[in-house]
Amino acid sequence: MNDGAMTNSSMTDTSPPLSADAILARCATSATHVAIEVVAETGSTNADLLARVDTLGGPLLRIAGNQTAGRGRAGRSWLSAPGAALMFSLAWRFKGPLHRMTGLPMAVGVALAETIAALGVPVQIKWPNDLLRDGKKLAGILVETQAARRDGGGDGAVWAVIGVGINLLMPDELEEQIGRAVAAAPWLAKMDRNELMAALLSRLAAVLAEFDDTGFAPFAERWNRLHAWQGRDVVILDHGRVLQQGRAAGVDAIGRLMLDTAHGPVEVLSGDVSLRLSSTIPSSNGLS
Ligand code: ATP
């Protein structure tokens, strides 16, 4: 395992270097069983861990100073600049079965949003799992799952690789490249990143352990308190086509978005659909 500390030579921040030992020393007991590795650069921490889950004996956190091929949902890209973001993936094994995992991205959103808010940066969640600051995207979450190998005792068990990118600083060139208004959190950028990572990992580990026992239901109310677009008119898009339109009414006990539509209540499963405010969609897209 690469447990090396990462130097700041290529970074724009002044934080002490990320190091597995420094993070572990600052973790709560919920996370002290998590193995940690730090790399200066990789393509995608999610891709790295997905390729290795069959070999893992327990949870593993992999943090990268930079990603050259960061991934969003449905093949979209997550862009970053060296030192400007906190990017990590956490591989975690759940009892399963797979259909119980529907609410996992939303539970992860709760863990991250509550931690970031407690550190002084209020954020909200856009369904299913983007973190918004002042209405702009501050962080993205990508959860990818894989059935655990049965010969490894994985009867119905599921590995989830939870990828997170949080913008700490947002250089102008990067915002231009992303092509839409995005948020950053300079306040968090001033923190020791080991401290920040430990706070996020500690709460995330506690939430994942609870989720494995209970499913999403106990998190629904916490998610709804953080809901960015409660009561707003929204559309659900599938590859640019409007699938549903209505008023956002929060999530239910399995993490589906509840919509009040002209034809009555509808629940939407996250899958690969996208949520947008109605006001941002041209009427030519099938909006009635
Ligand atoms: P959805 O609303 O369906 O989640 P999305 O457009 O937010 O859609 P994601 O897959 O969650 O898609 O994230 C990828 C998208 O995020 C990219 O297509 C890009 O628009 C945006 N993006 C890429 N890098 C960043 C970044 N560093 N900060 C904020 N947004 C980014």
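This is a predicted model: local features need pLDDT of at least 70, side-chain atom pairs count only at pLDDT 80 or more; totals for chains, interfaces and linings use all residues.
**Notebook: contacts, salt bridges, a pocket and some backbone details**

I began with Glu 210 and set aside its neighbours within four places in sequence; what remains in contact with Glu 210 is Gly 215, Pro 218, Phe 219 and Arg 222. Glu 210 belongs to helix 6, and I found it partly exposed, with a relative accessible area of 32%.

Staying in helix 6, which spans residues 193-214, I turned to Asp 212. Is Asp 212 buried or exposed? Asp 212 is buried and yet has no salt bridge, for the nearest side chain of opposite charge, that of Lys 95, is 4.1 Å away. A salt bridge needs a nitrogen-to-oxygen distance within 4 Å. Apart from its neighbours within four places in sequence, Asp 212 is in contact with Arg 93, Phe 94, Lys 95, Gly 96 and Arg 100.

Pro 97 sits in the loop between strand 3 and helix 3, the latter covering residues 104-118. I noted another cis peptide bond between Trp 127 and Pro 128, where omega is about 5 degrees; Pro 128 is placed in the loop between strand 4 (124-126) and strand 5 (130-133).

Next I listed salt bridges, and a search of the whole structure finds 14 of them. One of these joins the side chains of Asp 192 and Arg 26 at 3.8 Å, N to O. This pair links distant parts of the chain, 166 residues apart, with Asp 192 in the loop between helix 5 (186-189) and helix 6, and Arg 26 in helix 1. Arg 26 is partly exposed, at a relative accessible area of 37%.

I then looked at Arg 52 and Glu 37, whose side chains meet in a salt bridge at 2.7 Å, N to O. Arg 52 lies in the loop between helix 2 and strand 2 and Glu 37 in strand 1, so the pair ties together parts that are 15 residues apart in sequence. Glu 37 is buried, with a relative accessible area of 2%, whereas Arg 52 is partly exposed at 28%. I recorded, too, that Glu 37, Asp 48, Arg 52 and Arg 62 are linked in a network of salt bridges.

For the largest pocket I noted a volume of about 600 Å³. Of the 34 residues that line this pocket, Gly 72, Arg 73, Ser 77, Trp 78 and Lys 137 are the closest to its centre. Among the elements that give two or more residues to the lining are helix 2 (45-50) and strand 3 (85-94). By class, I have 12 nonpolar, 14 polar and 8 charged residues in the lining.

Last, I checked two residues that are not glycines and yet have a positive phi. Ala 74, in the loop between strand 2 (60-67) and strand 3, has a phi of about 50 degrees and is partly exposed, with a relative accessible area of 47%. His 239 also has a positive phi of about 50 degrees; His 239 lies in the loop between strand 8 and strand 9 and counts as exposed at 78% relative accessibility.

Key: Residues are numbered from 1 along each chain as its sequence is written. Side-chain values use heavy atoms; hydrogens and water are left out. Helices (H or I, at least four residues) and strands (E, at least two) are DSSP runs, numbered from the N terminus. Buried means under 20% relative accessible area, exposed over 50%, partly exposed in between (1.4 Å probe, protein chains only). Lys and Arg count as positive and Asp and Glu as negative; His and the chain ends are not counted. Contact means heavy atoms within 4.5 Å. On a 1 Å grid over the protein atoms alone, a cavity is a set of points where a 1.4 Å probe fits but cannot get out, and a pocket is an open set with protein on both sides within 12 Å along at least five of seven lines; lining residues have an atom within 4 Å of a point. Grid points are joined across faces, edges and corners, and a volume is the space filled by probe spheres set on the points. Ala, Val, Leu, Ile, Met, Phe, Trp, Tyr, Cys and Pro count as nonpolar, Asp, Glu, Lys and Arg as charged, and the others, Gly among them, as polar.
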